[in-house]
Amino acid sequence: MLPSFVGHRSCRSLSLPRLSYPVRRAWLGIALAVSSVPVWSAEPTTSTPPAASASLPASQDISWPAGTPLTIALEKGRLNVIGRDDDKPTVTLTIDSMELTRPENDAARKLSELPPLVREVRIQPEGKGQRVILPTPPSLDLMQVSGVHANLSVPKHFTGVLNIRGKMVDLDLHSFSGTVSASTLSGKTTARDLHGIIHLYNQLGSLQTHNLNGTLRLQQAVGALTDTASQGKVSYKVIRGQLTVDSQANEISIEQIDGTQKIQATQATRVSDNLQTGQATLRLPASLQQGDIQTVNAALSIQVAPEFAGTIQLNGGAGGDIVNQLTTEQAQPIHLPLPDKALTLQRGAADTKITVSTINSTITLLPAQAQAQAQAQAQAQAQ
């Protein structure tokens, strides 16, 4: 039975002349790619590729020297990357299913029922590393197919470099350490219990992380980014969306153009935050040694831990406003007759300094109790 994207249903074998011109071109491209590298070949070879009736194994081990980059390319589908308890220098790729029929018309086709060319997985050299290309649906419209669902098993202490490149992909990474770079065009990316150099980028959709440790770069272009229990040094970048952070990292850097922020830094010594427009709520710890917060046009609420010792300097800018609910001191004009104001608070004799600057924003300093009440009211209104 042919997948429904071909345009009709038939029990006859595949015949290219019966297909439309765009579909024939797609099949021809796959056929040419298959002829260059045999199924599951980890090294370049000139041997003849297997017959068209050859079936793809359910799983396959791929070995490579320590530190070798491995790139996984996936057009659409779901990929799980899981750490194993052993440290054998291999990864195991398992394809659970490949769904190429339109979900509203047919049930998902099993891998064994698909044409061999569609089942093709190619492994080819890429510089000093290897590139694994998962099957691409033979359709010009990826919106009409569900794609490939696969699992990648790696050593718990991963010594290589793992690169993942996907388009419309749901990605789940968990329970291993190493160097990982994952970039997807759209979908949901989740990562948990990872340690090492971790760079995750999602353009459209959502990014959720938990218990990451190391040098972290988490980027969400449009959508929601949520990070909890991260440690080490972390950088967040959001173009437009919602950023929610409850972090134990020592250093935190935030760049966001538009949207909302809820930031809780429990152990940070350095925090920098640049929010252009939107709304932000920050809870800063007593451990903070340097803070640099900048906004252009945003509603900004800041809670500083009662044990914090150092200087808090607020610069309201030409159109900004400063509301101090932490002490009885009030902001004062700094460039009369201009409306800009400033406020400096000193706690103890420490050299620690928090600087907050804005152009056209409202800065509110809140004590811990008022901050908790404000968050509770906001949650109640949202419900």
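**Reading burial and backbone angles in a predicted model**

Mentor: Of the 383 residues in the protein, buried residues make up 47%, where buried means under 20% relative accessible area, exposed over 50% and partly exposed in between, with a 1.4 Å probe and protein chains only. This is a predicted model, in which local features need pLDDT of at least 70, side-chain atom pairs count only at pLDDT 80 or more, and totals for chains, interfaces and linings use all residues. Residues are numbered from 1 along each chain as its sequence is written, and side-chain values use heavy atoms, with hydrogens and water left out.

Trainee: How many helices and strands does the secondary structure of the protein come to?

Mentor: Helices (H or I, at least four residues) and strands (E, at least two) are DSSP runs, numbered from the N terminus. Here the protein has 2 helices and 17 strands.

Trainee: Is Gly 147 buried or exposed?

Mentor: Gly 147 counts as buried because its relative accessibility is 0%, and its place is in strand β6, residues 147-155.

Trainee: Where is Ala 229 found?

Mentor: Ala 229 is found in the loop between β7 and β8 (231-247). Ala 229 is not a glycine either, yet has a positive phi of about 60 degrees, and with a relative accessible area of 17% this residue is buried.
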